[in-house]
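Hi everyone, thanks for coming. Let me put the structure up, and then I'll walk you through it.

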Amino acid sequence: MLRIIRLFLVAAFALASLGVPVAQVGAAGDTIVFGSAVSLTGSLTKEGHLTQEGYDFWKDYVNAHGGLKVGGKSYKVDIKYYDDESKPNNASQLAERLIDQDHVDFLLGPYGSGTAFTVAGIAERKKMPMVEGNGAAEKIFSQGYRYTFGVLSPAKKYLQRVLEMALLQKPRPQTLAISASSDAFSLEVQDGAVAWAKDHGLNVVYANKYPDGATDVSSVISAIKAAKPDIILNAGHLQDAILVNKGLKEQNVIAKLYGYSVGPDTPDFVSTLGKDAEDIVGGAQWSEAVTYQGVPGFYRTAKEYADAFDKQFHHRPDYHNAESTAACLAFQYALEKAGSLDKEKVRDALAGLDMITFFGLIKFDSRGLNVFKPMVVNQIENGKLVTVWPAAIAKAKVKYPARPWSAR
Amino acid sequence: MQLFLQNLVNGILSGGILALVALGFSLVYGIMNIINLAHGAYIMLGAYLAWQLFTSFHVDPMLSVPLAFVVLFAFGYVVQRTVINRVVRAPVLATFLLTFALSLVFVTIALFIWTGDTRGVQTSYAGANFTLAGVTVPWAKLLTLVVALVITGLLYLWLHRSKTGRAIRATSMDVGAAQMVGVRVAHVYGITYGLGAGLAGAAGALLTLSYPLTPTMGDPFLIKGFVVCVLGGLGSVEGALVGGLVYGIISSFATQFDVTILGQHLSGTGLQDVVALIVLLLVLIVRPRGLVGRATA
């Protein structure tokens with residue numbers, strides 16, 4: 001038996017040390033090469049591909065519009081990718097390879113908080129500026145790191161907006177159940193929602209976590225059902241959201257509102273669940289409905305961005321696409337401002353950034369976290385994502401209470 | 001009480017599919033002494049076959065189960081005879097690496113064909129359920145359990161009654177003696193490996209009813225299947241069944257335990273895998289051959 005376990009470990013190690021290069025090496029000289037380890041296989045494949053699309057969209061735009069102008073010179077842009085197989089340890093090894101062997105100029109973040117956390121450690125050690133748009137856990141930014149910047153709102157805020165909206169509905173919800181996957185991001189989302197709920201007089205009747213990458217959540221669902229909550233939230237990723245939603249229907253759990261942190265915004269959520277996705281809400285970093293007027297140098301509004309994106313990738317951008325593009329934009333403006341490729345100067349320029357873009361305000365606090373941009377809430381109506389909160393930009397009123405499963 | 005019953009039902013329902021997942025893995029290991037790391041990939045291929053038939057021709061995944069079995073059986077047989085048979089007597093590490101490589105190849109091909117998008121099969125009865133004594137039972141999962149049990153039963157009968165089945169068992173007991181009485185070992189190995197792949201394919205097709213599809217969806221099931229068949233006893237049909245049900249029920253009830261140790265709150269829900277693995281360790285200490293496994297020389 002021991003022999004078998006040892007063999008299993010050997011294989012796991014072999015798996016971990018494999019890194020599959022997926023793009024050719026960028027040229028030196030007149031090209032600025034960014035490096036990124038994203039999840040192209042594994043449980044975060046979908047989110048990883050959305051991240052890559054967001055990066056590539058920016059790269060293609062910049063290269064088609066004369067390149068990046070840094071210190072009076074124009075540079076082409078290239079991005080070197082590795083597949084981290086959705087494993088944080090792979091991502092940190094690949095980040096080292098990008099820096100030490102491929103000599104990339106700057107790092108773009110991986111997908112996910114767990115991964116971004118390990119890569120941020122490498123970026124710090126190597127004094128390599130990194131901007132990421134897909135790791136929202138505050139854990140990444142509470143280490144005193146100087147070289148990692150995140151363009152997205154912190155994890156704790158993901159579901160707070162959903163609750164804020166819910167409390168203004170009639171009949172007012174009284175109780176909340178929230179499950180979470182045991183990963184850094186989801187646990188912070190849960191903490192943030194629970195703290196907010198307690199501050200605002202919502203009774204938290206269930207708050208628990210399940211293993212990261214769970215294949216069966218039926219017992220979590222049973223416990224939620226027994227707690228009879230008005231609002232059911234889940235902090236997790238796309239696969240969790242699908243499993244939880246299927247589970248809630250299978251056990252016929254009725255609540256007034258269902259909301260998930262990640263999932264409803266990705267097109268796969270609707271295509272996988274069909275009508276069972278109706279009325280589900282999700283916290284989102286961005287939606288096409290936001291009305292920011294960005295500074296010149298890139299698409300200036302959400303609509304322009306979305307239309308051009310659709311033309312290139314044949315689907316509407318979701319917030320993962322947008323936040324990934326926004327991470328690149330932070331580099332674009334910082335490089336222009338710094339007027340140099342010097343890593344220290346670029347880092348300082350990033351730290352001082354204060355720009356409105358199609359994605360919203362990009363500005364970092366002393367930890368490198370963008371606490372200044374608000375979240376939005378989307379709801380699925382007739383298979384489409386509709387922004388329902390904040391009221392000022394809402395395209396429709398939220399459907400509340402959500403219809404029972406049998407009536408969708 | 002109601003929650004207790006509900007958790008029991010949840011555990012049994014999820015244990016049934018785990019048993020089917022473990023069954024093919026267990027057979028291949030018990031008879032050929034190969035730890036088949038491609039097992040997860042066969043599950044995935046079965047699932048995508050069912051998904052493709054559902055999406056293109058509206059074939060219910062339940063009807064795809066036998067087809068997935070047959071297709072993956074044939075595929076497994078060919079893979080065994082052409083590739084794996086070359087290293088079947090080699091040290092375990094060789095087969096280990098070979099099946100691992102096969103798994104990478106299959107997953108990458110699936111990524112090319114179906115992309116990394118998450119897919120799902122949304123049948124008309126998805127999520128339909130009935131309530132009995134306050135316990136909610138989803139039809140899809142009940143059906144999955146029944147089919148898993150039927151397949152397990154049929155396999156048991158076939159292994160014990162049919163000529164080929166007996167040849168397979170004879171080979172697992174003593175390869176030399178089996179050869180002497182005229183068993184064609186290479187053929188038996190091909191059939192066994194095909195069965196393993198076929199069972200994985202059937203499990204994959206069944207899984208589409210309750211589980212989203214991605215090219216790497218097989219990984220967690222490979223690991224769970226491995227644990228389940230060690231728990232129940234390697235190489236036996238009964239072992240996989242008992243192991244699967246025990247694993248399912250334990251991880252279901254583990255969600256009920258919330259303990260605070262040294263001021264640290266430990267949530268049972270977050271630790272269900274840990275609890276199941278602790279049980280595995282205890283079983284291995286007390287009964288190294290697994291719950292219903294036979295002692296080997």
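So, how many helices and strands does chain A have? Chain A has 12 helices and 16 strands, where helices (H or I, at least four residues) and strands (E, at least two) are DSSP runs, numbered from the N terminus.

Some housekeeping. This is a predicted model, in which local features need pLDDT of at least 70 and side-chain atom pairs count only at pLDDT 80 or more, while totals for chains, interfaces and linings use all residues. Residues are numbered from 1 along each chain as its sequence is written, and chains are lettered from A and ligands numbered from 1 in the order in which they are written.

How confident is the predictor? The average pLDDT of chain A is 90, with 93% of the residues scoring at least 70; pLDDT is the predictor's confidence in each residue, from 0 to 100. Please look at residues 19–27 of chain A, where the pLDDT is below 50. That stretch still has 19 contacts in the model beyond near neighbours in sequence, a contact being two residues whose C-beta atoms, placed from the backbone, lie within 7 Å. Where pLDDT is low, the predicted coordinates should not be read in detail.

Now the overall form. Chain A has a radius of gyration of 21 Å, close to the 22 Å from the globule rule for 408 residues, so it is as compact as a globular protein of that length. The radius is taken over C-alpha atoms, and the rule is 2.2 Å times the number of residues to the power 0.38. Of the 408 residues of chain A, 59% count as buried. Buried means 20 or more other C-beta atoms within 10 Å of the residue's own, exposed means 12 or fewer, and partly exposed lies in between, with C-beta atoms placed from the backbone.

Next, the domains, whose bounds come from an automatic or database domain assignment. In chain A, domain 1 covers 14–155 + 290–363 and domain 2 covers 157–285 + 375–407. Their contact takes 23 residues from domain 1 of chain A and 21 residues from domain 2 of chain A. On the domain 1 side, helix H2 (45–64), helix H4 (113–125) and helix H11 (319–338) of chain A each supply at least two residues.

Let's zoom in on a strand. In strand S2 (residues 31–38) of chain A, 7 of the 8 residues are buried. S2(A) runs parallel to strand S4 (residues 73–83) of chain A, joined by 8 bridges, and Ser36(A) has Tyr81(A) as its bridge partner there. Strand S5 (residues 106–108) of chain A also runs parallel to S2(A), with 2 bridges; here Phe34(A) stands opposite Phe106(A). Two strands pair if DSSP finds at least two bridges between them.

What about the two chains together? Chain A gives 39 residues to the contact and chain B gives 41.

Finally, two residues in chain B. Tyr42(B) is in helix H2 (residues 39–57) of chain B, and it counts as buried because it has 32 C-beta neighbours inside 10 Å. Beyond neighbours within four places in sequence, its contacts are Leu72(B), Gly76(B), Ala197(B), Ala200(B) and Gly201(B). Ile223(B), in helix H9 (residues 218–232) of chain B, counts as partly exposed because it has 16 such neighbours inside 10 Å.

Thanks, and I'm happy to take questions!
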